[in-house]
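Student: I have a model open and would like to learn how to read it feature by feature. Where should we start?

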Amino acid sequence: MDFSYTPKVQALCERVSAFMEACVYPAEAVFARQVAEGDRWQPTEIVEVLKRQAQAEGLWNLFLPESEYGAGLSNLEYAPLAEIMGRSLLGPEPFNCSAPDTGNMELLVRYGSAEHKQRWLEPLLRGEIRSAFAMTEPDVASSDATNMRASARREGDQWVIDGRKWWTSGACDPRCKVLIFMGLSNPDGPRHQQHSMILVPTDTPGVNIVRPLSVFGYDDAPHGHAEMRFDNVRVPYENVILGEGRGFEIAQGRLGPGRIHHCMRSLGMAERALELMCRRASERVAFGKPLAQLGGNLDIIADSRMQIDMARLLTLKAAYMMDSVGNKVARSEIAQIKVVAPNVALQVIDRAIQLHGGAGVSDDFPLAYMYAMQRTLRLADGPDEVHRAAVGKYELSRYLPPRA
Ligand SMILES: Cc1cc2nc3c(=O)[nH]c(=O)nc-3n(C[C@H](O)[C@H](O)[C@H](O)COP(=O)(O)OP(=O)(O)OC[C@H]3O[C@@H](n4cnc5c(N)ncnc54)[C@H](O)[C@@H]3O)c2cc1C
């Protein structure tokens, strides 16, 4: 087995790393200040500056495998780049590689009509607008995508949309111009053909943000996670993606690449936490010794390194399989890494917090925010348990008698 990256990927890794060092890490404090100083729900100037810089350097839209729109990288090639960007919570957006836009853009590339692509995909690719994905609802267990109850009713050449959604990430940002809305359109159809995905411009009358939700007290401004109400929202019938009743099919397709990007970024965050842990453990002295030499701290550092490396290999394996045999055959590996990556990152970040003492839970270091962020990933695109169920069922299926 050859674990090395190709020269093309190696060169990109060096360029993305250099951009992170020169531009992104120094901008973290500026970003926090600009959000705190102004209207929290307005985009910051610093991110727009970084976007222009990254675009000028050709470090733009590096995701999007198998598409004429992206940089022509496979999932395997993109993985180390996403990991480097993931080291900072500010990292992915300057490269136009942030969630939920990457997942939404992939969805539009794969399933959108020519008109959808022209109206929404192209400005998204240029970084002029942002988007959100409105599936989850407060009133139903949304880990089961067939449960959604917000309705999309056809009336002539229009959809009429009503209902509540929440955790619509990114919808609070004024740059968010379009939602991919999942609604119950064919309640009498077969269970997996009852929902449609419909493009809803955010300025359509009846689209309302009820409130921004917080995550462990963080509001993630200006991006935010919105609770939303849709009251008699009317959009053209052609805004349906792929076709009526095909929402569940699209939801399944979207979970592949978009979600594995989160895993790649989780590894970056875990690496940064380990780096901070090692620096703190070497520099700070207690009981006459550096923290690294006290108790089991060396083992803690070693365990973190081993877990990150194991998680990376599993991520790369999932990416390799997506590229070589397709998302369907790779479904167990995709589900495995969705459980493993955020859980490993959480353990490493938690240990780094502990080694930082009180500083670890403050906002003087990025660790507390990173912890909050990684903890939500164990829910955000489906709870761990749902992915475990997929892995378990796949394993069992290999040993079931043919007719069982
Ligand atoms: C920060 C954040 C961002 C998000 N962003 C978005 C977004 O942009 N768009 C969007 O549509 N949604 C988003 N979500 C919502 C997320 O997708 C849902 O929270 C998730 O799918 C779970 O749905 P639920 O909250 O209704 O939990 P429920 O479905 O009520 O599940 C609750 C719990 O039940 C248990 N459970 C469920 N199924 C099983 C099972 N098969 N086996 C065993 N136990 C099970 C699990 O413990 C699970 O955590 C986001 C969530 C967060 C926290």
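Tutor: Start with contacts: two residues are in contact if their C-beta atoms, placed from the backbone, lie within 7 Å. The model here is a predicted one.

Student: Which residues does R331 touch, not counting residues up to four places away in sequence?

Tutor: With those excluded, R331 touches A390 and Y394. R331 itself is in helix α8, residues 331-356.

Student: Is R331 buried or exposed?

Tutor: The cut-off comes first: a residue is buried if 20 or more other C-beta atoms lie within 10 Å of its own, and exposed if 12 or fewer do. R331 has 20 other C-beta atoms within 10 Å, so R331 is buried. R331 and A318 are 13 residues apart in sequence and 8.4 Å apart in space, C-alpha to C-alpha.

Student: What does T315 look like when read in that way?

Tutor: T315 is found in helix α7. It has 28 other C-beta atoms within 10 Å and is therefore buried. Leaving aside neighbours within four places in sequence, the contacts of T315 are A79, I260, C263, M264, L267, I337 and A341.

Student: How many residues does α7 have, and what should they span?

Tutor: Helix α7 has 28 residues, and at 1.5 Å a residue they should span 40 Å; the end C-alpha atoms of α7 are 41 Å apart, which agrees. The buried residues of α7 are I301, S304, I308, A311, R312, T315, L316, A318, A319 and M322. After the helix comes G326, whose phi is positive, near 95 degrees.

Student: How is the packing of two helices described?

Tutor: Two packed helices are described by the angle between their axes and the distance between the axes. In this structure, helix α3 (residues 75-86) packs with helix α7 (residues 297-324) at an angle of about 145 degrees, and the axes are 8 Å apart. On the α3 side the residues are N75, L76 and A79, and they meet T315, L316, A319, Y320, M322 and D323 in α7. By class, this contact has 6 nonpolar residues, 2 polar and 1 charged.

Student: Going up a level, which domains does the protein have?

Tutor: The domain assignment gives domain 1 (7-112), domain 2 (130-241) and domain 3 (248-397). For a pair of domains, look at the separation of their centres and at the residues that touch. The C-alpha centres of domain 1 and domain 2 lie 25 Å apart. Between these two domains, 13 residues of domain 1 are in contact with 16 residues of domain 2. Helix α4 (residues 101-111) gives the most to the domain 1 side, with 5 residues. That side has 6 nonpolar, 5 polar and 2 charged residues.

Student: How many residues surround the ligand, and which are the closest?

Tutor: There are 22 residues around the ligand, and the closest are M135, A141, S143, S169 and E385. At least three residues of the shell come from each of domain 2 and domain 3. Among the secondary structure elements, β1 (130-134), β3 (158-169), α10 (367-380) and α11 (384-397) each supply at least two. By class, the shell has 12 nonpolar, 8 polar and 2 charged residues.

Student: What should I look for in the backbone itself?

Tutor: A cis peptide bond joins A99 and P100, with omega about 0 degrees; P100 lies in the loop between α3 and α4. Another joins A221 and P222, again with omega about 0 degrees. P222 is in the loop between β6 (207-213) and β7 (225-236), and D220 is placed in the loop between β6 and β7 too. Phi of D220 is positive, near 55 degrees, in a residue other than glycine.

Student: Which other residue has a positive phi, near 50 degrees?

Tutor: That is F287, a residue other than glycine, in the loop between β8 (285-286) and β9 (289-290). Burial separates the two: D220 counts as buried because it has 22 C-beta neighbours inside 10 Å, whereas F287 counts as exposed because it has 8.

Definitions and conventions: Residues are numbered from 1 along each chain as its sequence is written. This is a predicted model: local features need pLDDT of at least 70, side-chain atom pairs count only at pLDDT 80 or more; totals for chains, interfaces and linings use all residues. A residue is near a molecule or strand if its C-beta atom, placed from the backbone, lies within 6 Å of it. Helices (H or I, at least four residues) and strands (E, at least two) are DSSP runs, numbered from the N terminus. Ala, Val, Leu, Ile, Met, Phe, Trp, Tyr, Cys and Pro count as nonpolar, Asp, Glu, Lys and Arg as charged, and the others, Gly among them, as polar. Domain bounds come from an automatic or database domain assignment. Axes are lines fitted to C-alpha atoms, for helices over the stretch in contact, and angles run from 0 to 180 degrees between N-to-C directions. The expected span of a helix is 1.5 Å times one less than its number of residues.
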